[in-house]
Amino acid sequence: MNKDYYAVIMAGGVGSRFWPVSTSAYPKQFHDMLGTGDSLIQKTFKRLSRLVPEDQILISTNDSYKDLVQEQLPQVSDAQLVLEPVMRNTAPCILMAALKIHKENPNAVMVVAPSDHWIEDEQAFTDNIKTCFEAAAQEDILMTLGINPTFPNTGYGYIQYQGEAQSAVKPVIRFTEKPDYETAKAFLAEGNYVWNSGMFIWSVASIVKAFETRLPAMHALFMQGMEVYNTDKEFEFVGARFPEAVNISIDYGIMEQADNVRVLPATFDWNDLGAWGALYDKLPKDNDNNVVVRAKAQLNNATGNMIYTAGEKVVVLEDLHDFIVVEKKDVLVVVPKAKEQEIKRILNQVKENFGTDYA
């Protein structure tokens, strides 16, 4: 294990598109969504610990999830927690984590990874991260992992890179937020576009410098806490000052503005598990392309459905095709798979009509 290798797991999201399983009190990263025996955050921690010492993996999450993190990752100490008193998108918590690491080890390189991704080839993932670590340790660059697109997905951001570059690490030309279908098709045809994975690698010196240049007010705000980071006074400082930070993503605040961005096209399979359809894609299917998780299913002329129950409930479907059927305690959701992105809107309606107990 390299003492200069660090990781930050982003685990503060609510995962509302996986409602009703994912709720604000118990979001998807703490669920075993794929039936592997580990929750998503546990899988992510184990994956990163193949390369990064366990005591150098930080968890960035909302302070209301502290108990959940420590219950599922008992090996994580209080010093490894980056607790957010309010949601402020990804840039503020990444800066705070980088400053905590920089104070401990100014020579560190770090990877920032979401807690809810699914990666099958973990050895390829480890090899790719190591390649990025080595590049980031040698140059003042900000790196991301790109996923080679398999179809013109309109739900992901895209990264264009210099296709003529001989190195595996490619200079980035531009970022494009979720494009329409025709634009995505054109990107795939050009051959030098990858999906934006939301995973980042850099030296702590490079990312702190980038914040000082691109988001100077945020940099100045969090630099005020350098004396208390990694001490028992950190929580008090963060509670008082973190809410003052602007709400901005690392992509928009830093990566899309910087001129020293690089991308490594990944060599592993990847799924961001952003909604029920993504889970459907990853799980085994019966002869009629139905996915059944835990339920005792009686399926008559039913095809292409995603069926997920909290226990071994009997579920009967007849003449139903390409639907999401999800049950959890006192909530039942039945939505066409084609409208999976509407679940977040439906959840907001449920909150308005029935209160937050179901959310």
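Trainee: In what kind of crossing does α3 pass α7, left-handed or right-handed?

Mentor: Helices and strands here are DSSP runs, numbered from the N terminus (helices are H or I with at least four residues, strands are E with at least two). A crossing is left-handed if the near helix is turned anticlockwise from the far one by less than a right angle, and right-handed if clockwise. By that rule, the crossing of α3 past α7 is right-handed.

Trainee: Before we go on, what kind of model is this?

Mentor: Residues are numbered from 1 along each chain as its sequence is written, and side-chain values use heavy atoms, with hydrogens and water left out. Local features need pLDDT of at least 70 and side-chain atom pairs count only at pLDDT 80 or more, while totals for chains, interfaces and linings use all residues, since this is a predicted model.

Trainee: Back to that pair: which word describes the packing of α3 and α7?

Mentor: Helix α3 covers residues 90-104 and helix α7 covers residues 216-223; their axes are 10 Å apart, at an angle of about 45 degrees. Axes are lines fitted to C-alpha atoms, for helices over the stretch in contact, and angles run from 0 to 180 degrees between N-to-C directions. Angles under 35 degrees count as roughly parallel, over 145 as roughly antiparallel, 65 to 115 as roughly perpendicular and the rest as oblique. The angle therefore makes α3, relative to α7, oblique.

Trainee: What separates F222 and M96 in space, C-alpha to C-alpha?

Mentor: Along the sequence, F222 and M96 are 126 residues apart. In space, C-alpha to C-alpha, the two are separated by 6.6 Å.

Trainee: And H219, is it buried or exposed?

Mentor: H219 is found in helix α7. Leaving aside neighbours within four places in sequence, H219 is in contact with L95, V208, F211 and E212. Its relative accessibility is 11%, so H219 counts as buried.

Trainee: Now α6: at what angle do its axis and that of α7 cross?

Mentor: In the contact, V208, F211, E212, T213 and R214 of α6 meet P216, M218 and H219 of α7. By class, there are four nonpolar, two polar and two charged residues. The axes of α6 (residues 204-214) and α7 come within 5 Å, and the crossing angle is roughly 125 degrees.

Trainee: In what kind of crossing does α3 pass α6, left-handed or right-handed?

Mentor: α3 and α6 pack with their axes 10 Å apart, at an angle of about 135 degrees. The two helices are therefore oblique to each other. The crossing of α3 past α6 is left-handed.

Trainee: How many nonpolar residues are in the contact of α3 with α6?

Mentor: α3 brings A91, I94, L95, A98, L99, I101 and H102, and α6 brings V204, A205, I207, V208 and F211. The contact has one polar residue and no charged, and its nonpolar residues number eleven.

Trainee: Last one: which peptide bond is cis, with omega near 10 degrees?

Mentor: Most peptide bonds are trans. P20 lies in the loop between β1 and α1. The cis bond is the one from W19 to P20.

Note on methods
Contact means heavy atoms within 4.5 Å. Ala, Val, Leu, Ile, Met, Phe, Trp, Tyr, Cys and Pro count as nonpolar, Asp, Glu, Lys and Arg as charged, and the others, Gly among them, as polar. Buried means under 20% relative accessible area, exposed over 50%, partly exposed in between (1.4 Å probe, protein chains only).
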